[in-house]
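These are my notebook entries on how two chains meet. I start with the interface and then turn to the aromatic rings.

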Protein chains: 2
Amino acid sequence: MNGPDSTDAAWTELRRLRQSIDNLDAALVHLLAERFARTQQVGELKARHGMAAADPAREAEQIARLRQLAAESHLDPEFAEKFLVFIVGEVVRHHEALSGPPRDASR
Amino acid sequence: MNGPDSTDAAWTELRRLRQSIDNLDAALVHLLAERFARTQQVGELKARHGMAAADPAREAEQIARLRQLAAESHLDPEFAEKFLVFIVGEVVRHHEALSGPPRDASR
């Protein structure tokens, strides 16, 4: 349906978009690494001071806040919530692997 | 095991860490919004030019690259791969919701 020129232009555009996606993925990975370092500190702090591991009010706040931020960014709020649940699940999994019993999820 | 001063200091530190986590989550949401906008453009471009939707070589490259970036950032490479699979699943879900048949996953 398109001539060679159109196809060439499309491939150029595809490469450009993929470069942006790769840049964004690199940034996401680095931010996730930083986030895990901080939740690790939270876990250690709570263990050291005998603070309650779970904090449902904090978790509810985080979800509400992320949904709001997502809506403002034209991102599906359902996805933002699923994303947080996914990340938090990884935090829990790491803590279980390190220390046995489940600990605080959302921090 | 700790006196009131120690507990106060611990709560101050917890608040500080949570503020960092909230900042990182806001950044993550904004980057995800940008990433979804780009994959949306990829989907439209491919549909417009009749380009193949799936690209297994591209997907394999993305996974290998994210695992490498994760390792350099002291993030679990397994987690980075699961993260990409999670995001890509959302892209597919969005495209299915929009247009019926499944389309390219990783872009």
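How much area is buried between chain A and chain B, and what percentage of it do carbon and sulfur atoms give? I looked this up and found about 5,400 Å², of which carbon and sulfur atoms give 72%; buried area here is the accessible area, taken with a 1.4 Å probe, that two parts lose on being put together, summed over both.

Before going on, I note that this is a predicted model, in which local features need pLDDT of at least 70 and side-chain atom pairs count only at pLDDT 80 or more, while totals for chains, interfaces and linings use all residues. Residues are numbered from 1 along each chain as its sequence is written, chains are lettered from A and ligands numbered from 1 in the order in which they are written, and side-chain values use heavy atoms, with hydrogens and water left out.

Entry on contacts. I find 59 residues of chain A in contact with 59 residues of chain B, contact meaning heavy atoms within 4.5 Å.

I looked up salt bridges, defined as a side-chain nitrogen of Lys or Arg within 4 Å of a carboxyl oxygen of Asp or Glu, and the count between chain A and chain B is eight. In one of them, A:Arg18 is bridged to B:Asp55, with the closest N and O atoms 3.1 Å apart.

Entry on the chain A side. I see that helix 1 (4-48), helix 2 (56-72) and helix 3 (77-99) of chain A are the elements that give two or more residues to the side touching chain B, where a helix is a DSSP run of H or I with at least four residues, numbered from the N terminus. Helix 1 of chain A supplies the largest share of that side, 33 residues.

Entry on rings. My search of the whole structure gives eight aromatic pairs over all chains, rings of Phe, Tyr and Trp (its six-membered ring) being paired if their centres lie within 6.5 Å, and counted as stacked with planes under 30 degrees apart, edge-to-face over 60 and tilted for the rest. A:Phe36 and B:Phe79 are edge-to-face, because their ring centres are 4.9 Å apart and their planes stand at 75 degrees. This pair crosses between chains, from helix 1 of chain A to helix 3 of chain B. A:Phe86 and B:Phe86 are stacked, since their centres are 4.6 Å apart and their planes are at 0 degrees.
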